[in-house]
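Here is a short briefing on one structure. Look over the sequence and the model first, then read on.

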Amino acid sequence: MNASEMVLVADLGKSRCRLELRSGDRVLAQADQHGFPGLGITDGARLAFELLEETATMIPAELTAAGPSGSPLAGFGAAVAGVEASAESSRELATLLARRFGVPAAVLSDATAAQLGAMQGAPGTVLIVGTGAVAFRFDDGGQLHRADGWGPLLGDRGSGRWIGQRGLEAVVQAFDGGPETSLSAAAEALVESPLMLPAWLGGMENPARAMARFAPLVLHAAEAGDAVARGIVDEACRILAGTVKRASGGTGRVAVLGGVANSEFFAGLLHNTLASAGIEMVEPLGDGMDGAALAATRRGLLQERYIHRDGTNWPD
C-alpha cells in the first residue's frame, strides 16, 4: 500500500462496532456504535453490511469516496463476530463491502484478526482475555489451533465474565454465612441487597457482559488484599495458563490481549503464573484492528485460509 492510500478497518463485535480510516499507522477518522448478534444468524451478512455502511457514513464523505479510478481508498478489512459460524456469509459480506466501496475487501474472525495484529502475520500464540477467553495459535503451516472460547455457558474460563461471576457468587455465599469479603460492599453499587442479584442478572439483555463489569471490582479487591478476591484471580490465572498450554503446542511464548489484561495488577499475576508453567509472555505488536488492516492490504498471509475475500481479481 502506498503511503497516500487509505484503508477502512472495522471491528464488528456483539456489543460494539468500531470503524477507522487509516493511512499506514495513522488513524485519520473513526466512528463507533452498537454491535450485532453475529454472522451466524439469518441474514447475518446483510445486517453486518448495513451496520458497517451506516457506521461509514459517520466518517467525512470526502475521505471515503470510493471508486477504482483514482480513489485513495485501497481496501476494507473487517474483523467480525461469528465468522466461524458461516464461511458463506463471510464471503457474502466481503462481496457486499467490495461492491459498495469499490475496493478489495477481507472478512475474518475477531480472534484471527487479534492473532494477525499481535504477531504481524507470523506464527504464534495469542491469549485474548476480555468478557470471554480464548487462546489461538497459527503454526508454521498456517494451521489454526484453539483452546476455549466456548462462550459463557460452556467455557470462557478465567475470563472477565468468569472473574465477575465468581465474585458475585462469593457475595451471595458470604450472605449465606460463607467467608466474608469486601466484594459484598462492592456489589452494593449494583443492587441494595444480594437477594436482588438473581433478578438483576435475569433482567439483563446480556448477563455475561453484566457479570464481566464486576471483574474490575474483583481485581481491585484482590489488589487491596481481600483473600476471597485474590483466590478468584489466582485461579483465573492458573486456568488461563492451562488454556495457553493446550493451544500453544509447547511453543512457550504468548502475546496477551483483551480488556482484563489491561489491568497492570492482573497482567503481573498472569505473567508470573505463565512463567511458572514455562511460558513467556511477550508484548503484542498490535491488536485486532491492526490485524484487520493487515488482511486488507496483504495477500498470501500465513493465515490466508481463514480470511474470506470478495473473490474478484484486484491488482496487487
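Contact means heavy atoms within 4.5 Å. This is a predicted model, where local features need pLDDT of at least 70, side-chain atom pairs count only at pLDDT 80 or more, and totals for chains, interfaces and linings use all residues. Residues are numbered from 1 along each chain as its sequence is written, and side-chain values use heavy atoms, with hydrogens and water left out. Helices (H or I, at least four residues) and strands (E, at least two) are DSSP runs, numbered from the N terminus.

- Five strands make an open sheet of mixed pairing, in the order 8-7-6-9-10. Two strands pair if DSSP finds at least two bridges between them.
- Strand 8 and strand 10 (280-282) are the edge strands, and each pairs on one side only.
- Neighbouring strands of this sheet are turned by 25 degrees against each other on average, direction ignored. Axes are lines fitted to C-alpha atoms, for helices over the stretch in contact, and angles run from 0 to 180 degrees between N-to-C directions.
- Strand 7 (residues 133-138) and strand 8 (residues 144-148) pair antiparallel over five bridges. A135 has A147 in strand 8 as its bridge partner.
- Five residues separate strand 7 and strand 8 in a hairpin. In its turn, G142 has a positive phi of about 80 degrees.
- Strand 9 (residues 253-257) and strand 10 pair in the parallel sense over three bridges. Here A255 is bridged to V282 in strand 10.

**Helix 4 and its neighbours**

- Helix 4 lies across strand 6 (124-129), strand 7 and strand 9. Helix 4 runs at about 120 degrees to strand 6.
- The axes of helix 4 (residues 110-119) and helix 12 (residues 288-297) come within 6 Å and cross at roughly 90 degrees.
- Helix 4 and helix 12 are therefore roughly perpendicular to each other (65 to 115 degrees).
- From helix 4, A113, A114, L116 and G117 meet G288, D290, G291, A292, L294 and A295 of helix 12.

**The nonpolar cores**

- A nonpolar core is a set of buried (under 20% relative accessible area, 1.4 Å probe, protein chains only) Ala, Val, Leu, Ile, Met, Phe, Trp, Tyr and Cys residues joined through side-chain atoms within 4.5 Å.
- The largest has 44 residues, and L127, I163, L183 and F266 have the most contacts inside it.
- Helix 10 (residues 227-248) gives the most to this core, with ten residues.
- Another core, of 31 residues, lies apart from it and includes A29, A45, L73 and A78.

Note on methods
Buried means under 20% relative accessible area, exposed over 50%, partly exposed in between (1.4 Å probe, protein chains only). Angles under 35 degrees count as roughly parallel, over 145 as roughly antiparallel, 65 to 115 as roughly perpendicular and the rest as oblique.
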